[in-house]
Amino acid sequence: MENYRAIFFTVLSLVCFVGKQASAAQHAVGGSQGWDESTDFSSWASAQKFKVGDQLVFKYSSGLHSVVELGSESAYKSCDLGSSLDSMSTGNDVVKLGKPGTRFFACGTAGHCGQGMKVKITVESGSAASTPASPSTSSSSSSSSSSSDAVQSVVGSMALLVGVLSLSLLMPQLV
């Protein structure tokens with residue numbers, strides 16, 4: 001009887017862990033245009049719903065652009081890059097949204113922030129799956145619906161199915 005309880009709680013923990021991983025979304029900043037001067041980041045961000053656990057993916061030409069996280073809204077509004085919290089320049093930078101609140105990002109290349117290459121992200125608490133913009137919106141506001149999101153959904157569904165099956169098999173022995 002103790003072995004069945006241990007198996008039950010192990011499977012339940014696994015299902016919860018995988019389910020949480022599957023609910024996180026990746027948001028390609030700027031949609032299909034990416035991190036680029038021609039993108040309207042304000043419109044793109046307003047069409048997204050960012051949740052704790054989601055990731056921002058900044059895709060751009062390394063050497064041409066960079067990503068700087070700014071520490072305040074005033075630094076964001078004035079493009080004060082001197083107060084940065086972090087700076088990235090790989091061309092494929094991933095930022096995990098670990099807690100609720102507002103975060104500010106700008107391009108570190110001289111003049112780009114002032115030309116509008118900056119984005120304000122508001123992260124909501126909660127563990128529900130994020131709802132990126134649908135593909136029917138303009139291309140600058142579409143988000144990443146990459147194959148990794150599909151794989152995560154399938155893995156989460158399979159883990160849930162395994163958990164339900166395990167429960168149905170273990171329930172007669174637990175009672």
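**Entry: the model.** I note that this is a predicted model, in which local features need pLDDT of at least 70 and side-chain atom pairs count only at pLDDT 80 or more, while totals for chains, interfaces and linings use all residues. Residues are numbered from 1 along each chain as its sequence is written, and side-chain values use heavy atoms, with hydrogens and water left out.

**Entry: aromatic rings.** I found five aromatic pairs in the structure. Rings of Phe, Tyr and Trp (its six-membered ring) pair if their centres lie within 6.5 Å; planes under 30 degrees apart are stacked, over 60 edge-to-face, and the rest tilted. One of the pairs joins Trp-35 and Phe-41, which are tilted, with 4.8 Å between centres and 55 degrees between planes. Both Trp-35 and Phe-41 are buried. Trp-44 forms a tilted pair with Phe-50, at 5.7 Å centre to centre and 55 degrees between the planes. Phe-50 counts as buried because its relative accessibility is 2%. I also recorded one aromatic cluster, formed by Trp-35, Phe-41, Phe-58 and Phe-105.

I then looked at Tyr-76: the charged end of Lys-118 sits over its ring, 4.7 Å from the centre. The criterion is NZ of Lys or CZ of Arg within 6 Å of the ring centre and within 35 degrees of the ring normal.

**Entry: strands.** Helices (H or I, at least four residues) and strands (E, at least two) are DSSP runs, numbered from the N terminus. Two strands pair if DSSP finds at least two bridges between them. Strand β8 (residues 118-124) runs parallel to β2 (residues 50-51), joined by two bridges. With β7 (residues 101-106), strand β8 pairs in the antiparallel sense over six bridges. Here Phe-105 stands opposite Val-119.

**Entry: Lys-51 and Glu-124.** Which residue in β8 is the bridge partner of Lys-51? I found Glu-124. Lys-51 also forms a salt bridge with Glu-124, the closest N and O atoms being 3.5 Å apart. A salt bridge is a side-chain nitrogen of Lys or Arg within 4 Å of a carboxyl oxygen of Asp or Glu. Lys-51 is buried because its relative accessible area is 10%, whereas Glu-124, at 34%, is partly exposed.

**Entry: other salt bridges.** My search of the whole structure gave three salt bridges. Arg-103 and Glu-69 meet at 2.7 Å, N to O. Arg-103 lies in β7 and Glu-69 in β4 (residues 67-70), so this pair ties together parts 34 residues apart in sequence. Glu-73 meets Lys-120 at 2.9 Å, N to O. Glu-73 is in helix α3 and Lys-120 in strand β8, so parts 47 residues apart in sequence are tied together.

**Entry: cysteines.** I found one disulfide, a term for a pair of cysteine sulfur atoms within 2.5 Å. The sulfur atoms of Cys-79 and Cys-113 are 2.1 Å apart. The torsion about their S-S bond is about -80 degrees, so the disulfide is left-handed.

Definitions and conventions. Buried means under 20% relative accessible area, exposed over 50%, partly exposed in between (1.4 Å probe, protein chains only).
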